[in-house]
Amino acid sequence: MLKRVVRYAAVDLTNRTADIKEIQAESFGTWSMHLEEMGFWWEADASTMALTTGVLTGTGAPGTGAFIWSYLKNGKLQNVAAEGRLGAAMRYAGVDVLVLYGKSETPLCLTIDDGELALTEQAADYASLLANRKNEDAVITTVSRKAVTEDKYFAISDGAVAKRLLDKGVAAIVAEATGALQVADASRLAAICTELYQAGIASGAAVGSSRKHPVRFLSLDSAADLEGPVSYENPVEAENAVYAALGIIWSKALERCDQKRYTAELISACLGTPCCEADLDVLFAHLAELQQKKVEGGAV
Amino acid sequence: MKILSIDRAKCNGCGACQTICSLVKKGEVRPSESRIRVRRVGGTDTQYVSVCQHCAEPVCVSACMRGIIDKDPVTGVVSRRTEDCFTCAACKVMCPAGAVVYDSDMDAFVTCDLCGGDPACVKVCPTGALRFEEPGAASADFRNKYAQSILGAKEAE
């Protein structure tokens with residue numbers, strides 16, 4: 001009932017190879033995968049990093065730019081939520097989850113394009129990557145000690161994630177976003193999205209418009225400052241982290257909406273399988289339980 | 001005839017218009033083939049929205065080598081017979097708005113058709129940057145804002 005087919009890309013940074021596989025994941029393929037179906041990654045290599053999109057990531061509703069970084073710390077899986085174009089672009093390019101294991105001695109740029117992954121030693125500064133991208137929809141993320149930054153202005157991780165990526169030799173990730181995401185009922189999904197955007201507009205709480213403050217992808221209230229410093233802020237409060245795992249960060253402009261009901265309806269429209277609020281209650285309880293689980297991580 | 005007016009000063013690049021357009025017109029989420037696009041030619045700080053303006057004198061009509069693009073004299077909508085398109089891209093090259101998009105399912109170049117008079121993108125635009133209105137209303141609004149900025153008065157909401 002809570003199943004989802006997940007396309008995951010296993011990237012071996014030591015040998016510079018990548019492989020995309022499909023798995024049938026339980027719990028809609030949230031971070032539960034990293035402790036259940038894919039737990040072997042962390043057991044084999046404790047420094048493994050994952051970038052996981054949710055079932056709703058990139059589907060169009062407000063807040064569906066959500067994705068999650070995961071890594072092991074002191075035997076427990078840490079999940080850092082982010083909002084931006086990277087997760088959506090990955091899904092359009094044919095990858096739902098990125099698993100990075102091993103380590104490269106030289107900084108690498110990972111490119112995801114139409115179901116293919118490539119690891120190269122090209123210059124990883126934003127200007128060079130911008131000049132060399134294949135198309136203007138490409139999402140360019142660069143990694144510094146401070147944060148992973150998307151499209152130059154949006155911080156999509158904290159320093160802990162960024163440092164781990166740099167230590168593994170990942171200096172940049174480019175997702176060429178020219179593909180598509182198939183959904184079961186596009187008309188129904190479009191109708192729900194429209195309802196939510198109009199609710200956000202009616203609330204008056206959506207972020208104001210300004211060309212100096214571009215917002216994150218599909219966000220109603222998270223904007224960057226083109227003239228200010230780039231810094232990461234956790235976009236979710238603890239109790240809403242489970243929604244982020246499903247690929248949606250509920251905006252303050254939509255706090256009057258029945259978020260659980262709408263989440264269930266969005267999932268039904270995307271997957272074509274019935275999903276109700278009771279299903280989400282089961283899922284949320286399971287994810288909360290998993291967060292206490294310890295993983296026996298292997299040698300780096 | 002109503003037009004799809006874009007107030008670029010209000011657009012914050014959220015991309016809602018792009019995703020809803022692809023859902024409505026293609027039945028999937030494929031923003032790169034959406035008929036309204038957030039263009040990022042120079043990166044995030046130079047992004048802008050481009051969509052067919054249904055020009056009064058559309059260059060694409062004369063550029064089309066097959067003569068399949070027409071402007072309706074009553075509604076003013078510029079439309080095309082996509083089944084006869086052989087993707088020469090002349091319309092795309094000549095379009096001043098950069099609004100012509102290749103549709104891989106149709107194997108043809110397409111443009112916004114205003115969703116039959118009820119554009120989906122307008123309904124999801126959170127900032128009001130997209131409006132579907134009479135040209136006079138759009139023009140009056142822009143003239144009013146310009147005049148007030150010149151006079152130093154507060155911008156009307």
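Predicted model: local features only at pLDDT ≥ 70, side-chain atom pairs only at ≥ 80, totals over all residues.
Two residues are counted as in contact when heavy atoms of theirs lie within 4.5 Å. With that cut-off, 42 residues of chain A are in contact with 36 residues of chain B.

The secondary structure of chain A comes to 8 helices and 12 strands. Along its principal axes, the C-alpha trace of chain A spans about 50 × 45 × 30 Å. A compact globule with 300 residues would have a radius of gyration near 19 Å, and because chain A has 18 Å, the value agrees with that expectation.

Salt bridges come next. A search of the whole structure finds 26 salt bridges over all chains. One of these joins A:Arg7 to A:Asp96, whose closest N and O atoms are 2.9 Å apart. The two partners sit in distant parts of the chain, 89 residues apart: A:Arg7 belongs to strand E1 (residues 4-12) of chain A, while A:Asp96 lies in the loop between H2 and strand E6 (97-101) of chain A.

The domain assignment divides chain A into domain 1 (4-175) and domain 2 (186-296). Taken over C-alpha atoms, the centres of domain 1 and domain 2 of chain A are separated by 20 Å. At the boundary, 45 residues of domain 1 of chain A are in contact with 46 residues of domain 2 of chain A. The area buried between domain 1 and domain 2 of chain A is about 4100 Å², and carbon and sulfur atoms give 70% of that area. On the domain 1 side, A:Trp31, A:Pro62 and A:Glu83 lose the most area to domain 2 of chain A, together accounting for 18% of what that side buries.

The largest share, 6 residues, comes from E5(A). Sorted by class, this side of domain 1 of chain A has 20 nonpolar, 17 polar and 8 charged residues.

Attention now returns to the interface of the two chains. The area buried between chain A and chain B is about 2900 Å², with carbon and sulfur atoms giving 53% of it. Across the interface of chain A and chain B the rule finds 2 salt bridges. B:Arg37 forms a salt bridge with A:Asp137, and the closest N and O atoms of this pair are 2.8 Å apart. Between chain A and chain B, the count of residue pairs in polar contact is 9. On the side of chain A that touches chain B, the elements giving two or more residues are helix H3 (126-132) and helix H5 (186-203) of chain A. H5(A) gives the most to this side, with 8 residues. By class, the residues of chain A that touch chain B divide into 22 nonpolar, 13 polar and 7 charged.

Terms used
Residues numbered from 1 in each chain as written. Chains lettered and ligands numbered in written order. Heavy atoms only, no water. Domains from an automatic or database assignment. Buried area = accessible area lost by both parts, 1.4 Å probe. Helix = DSSP H or I, 4+ residues; strand = E, 2+ residues; numbered from the N terminus. Nonpolar A, V, L, I, M, F, W, Y, C, P; charged D, E, K, R; others polar. Salt bridge = Lys/Arg side-chain N within 4 Å of Asp/Glu carboxyl O. Polar contact = N/O pair within 3.5 Å; in protein donor to acceptor, adjacent residues only side chain to side chain. Rg over C-alpha atoms; globule rule 2.2 N^0.38 Å.
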